[in-house]
Amino acid sequence: MDQLENEVHPKILEALLKARNDYTLDDALENEMVLNMGPQHPATHGVLRLLLRLDGERIIGCVPDLGYLHRGYEKMAENMSYYEYIPHTDRLDYISPMANNVAWVLAVEKLAGIEAPKRAQYIRMMIAELARIASHLVAIGSFAMDVGALTIFLWTLREREKILDIWDILCGARFTNSYTRIGGVANDAQPEALAKAKWFIDQFEPNLAEVEQLINTNRIFIERVDGVGVISKEDAIDLGFCGPNLRACGMEFDLRRNAPYLCYNEMDFKIPTYTEGDCLARYFLRLDECRESAKIVKQILEKMPQGPVQADMPKKVLPQKDEVYTKMEELIHDFMIVNFGINPPVGEIYHAIEGSKGELGFYLVSKGDGKPWKCKIRSPSFNNIQALPKLVIGHLISDVVAIIGSIDPIMGEADK
Amino acid sequence: MNLKTLIPQKLKEKFPSVDFEVLDYRDELTIKFDKKSIVEVCNFLKSESDLDFNWCSDITAVDWATRKNRFTVVYNIFSMKHNFRLRLKADVDETDCKIDSVTSVWGAANWQERETYDMYGIKFNNHPDLRRMYMPEEFEYYPLRKDFPLMGIPGSLPLPKK
């Protein structure tokens, strides 16, 4: 205990000892023990640190400790223009950077009163849905890998690679994309990118079915996650669970349907829900969501309208580079926007999208100048991790690995 | 009836002594009131079956730097029944940097309030576990306050002991 007090901060230790301990277990191991899991642990998906209080191998207390990836992105947002911040949103949820780009520009557009053209909105929807598929593939793969089914990770990453290739054609970057711009997207989607997206969607369905077959027939996987980490619908809502995790508890809640943005109300898609609320349900739900997203992308590619991809508002929207080099008016606007920002009117807004992990929102306060006065990131992973102690208590240590994998936290987003 | 008119009306009926300031900007409803009645109002908004704000999406604060009431605590709540988002605001002054915690109303407020405390130094009364969220416990400053420099304060974060 003395050694522990040196290593663990007394306040964290106190919180852990106060954590729920009304479990009485007749265990051969009488003494309790504190186990430090993470931040460097392969199964904690980044730098999540958990302090576990154990009775034998059973968990009777859990205190997550965040902040190992805290880079102060909210503070940085207050010190840079709205345009400059776009690349930084890539680093929030680094598994699906495109979705973060979309969330940020939608929030800024709402604040500044800009509306992107229809084609740009369709492209944004397409990249957001592809980002969801890419993110869920990592979630499924790493979840399966955490509980011992190693092959699946390679199979899902193979599919994800193809999405990264589409992004490569689209914007020249595979991982940190920064593709969206305020008032539109950086460049029109090339026919090659759209053709590749179509090809990807066509071959995705059978490949996903293969992955599913491989997991569903794996008895070890099923038995390790079935009935583990159960949370009721009421508790999930109370604790701020969001996204796929909430839908796996039986709550049919999806911002694409409940608070539509972009052109989601023109799309035909289902919102999959499961009622069990355990790790297995969360895995099944992600599979179903991949399929629904593929369906949406298919419709987008069919319906994609022609037209401009940037709003015609020269004082707010950055002009294309070739115009800057050849035209005087555009050069002036480029200079003004880069140096003084887009100056949205005084006011405050909150805009959220259904990111791949849940509700990803930005609360922005403008004082009328080029930089946001306040930017708050409402990150889904942060709120999902909050429910983690509730999920793990009463389970074994090996189940913690499965539960973390199933709620799919991304620390870049949780720590900001 | 439209929720945008229903909510302020119901609140004014239920709490005649509280002064509600209603603002509708970019199709978002904001209600500002005194910090003393925050828990009662939140409880009412959650339990009233016509409103049913069952989901606390986010809690944060804004530092106005030069205003008389320096901070504003912002609650972002959502009603899943009506698909309606509401923003509650309460001013907190620097000399009395405290507000009652709403963890008794929504469990999700626990970490969200901790984060606000960590970043702005606003204390939440009756909070079950008010520790810092991201910064180390030894850290003396509140990073999102406007007087905290962007590059940090040299020496404020000591290296871990060997």
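The expected span of a helix is taken as 1.5 Å times one less than its number of residues, and helix H8 (residues 191–216) of chain A, with 26 residues, reaches 37 Å from its first C-alpha to its last, close to the 38 Å expected. This is a predicted model, in which local features need pLDDT of at least 70 and side-chain atom pairs count only at pLDDT 80 or more, while totals for chains, interfaces and linings use all residues. Residues are numbered from 1 along each chain as its sequence is written, and chains are lettered from A and ligands numbered from 1 in the order in which they are written.

**Chain A overall**
- Chain A holds 19 helices and 8 strands, where helices (H or I, at least four residues) and strands (E, at least two) are DSSP runs numbered from the N terminus.
- The radius of gyration of chain A is 23 Å, close to the 22 Å that the globule rule gives for 416 residues, so chain A is as compact as a globular protein of that length; the radius is taken over C-alpha atoms, and the rule is 2.2 Å times the number of residues to the power 0.38.
- Along the principal axes, the C-alpha atoms of chain A fill a box of roughly 80 × 50 × 30 Å.
- Of the 416 residues in chain A, 49% are buried (20 or more other C-beta atoms within 10 Å of the residue's own; exposed means 12 or fewer, partly exposed in between, with C-beta atoms placed from the backbone).
- Among contacts in chain A with a separation of 6 or more, 72% join residues 24 or more positions apart, a contact being two C-beta atoms, placed from the backbone, within 7 Å.

- His136(A) is found in helix H6 (residues 118–146) of chain A and counts as buried because it has 27 C-beta neighbours inside 10 Å.
- Leaving aside neighbours within four places in sequence, His136(A) is in contact with Arg286(A), Glu289(A), Cys290(A) and Ser356(A).

**The S6-S7-S8 sheet of chain A**
- Three strands of chain A form an open antiparallel sheet in the order S6-S7-S8, where strands pair if DSSP finds at least two bridges between them.
- Strands S6 (347–354) and S8 (374–378) of chain A stand at the edges, each with a single partner strand, so one side of each is left without a neighbour in the sheet.
- Strand S7 (residues 359–366) of chain A pairs with S8(A) over 5 bridges in the antiparallel sense, and Val365(A) stands opposite Lys374(A) in S8(A).

**Chain B and its contacts with chain A**
- Strands S1 (residues 21–25) and S2 (residues 28–33) of chain B pair in the antiparallel sense over 5 bridges, and they form a hairpin with 2 residues between them, where Arg26(B) in the turn has a positive phi of about 50°.
- Between the chains, 29 residues of chain B are in contact with 32 residues of chain A; the largest share of the side of chain B that touches chain A, 6 residues, comes from S3(B).
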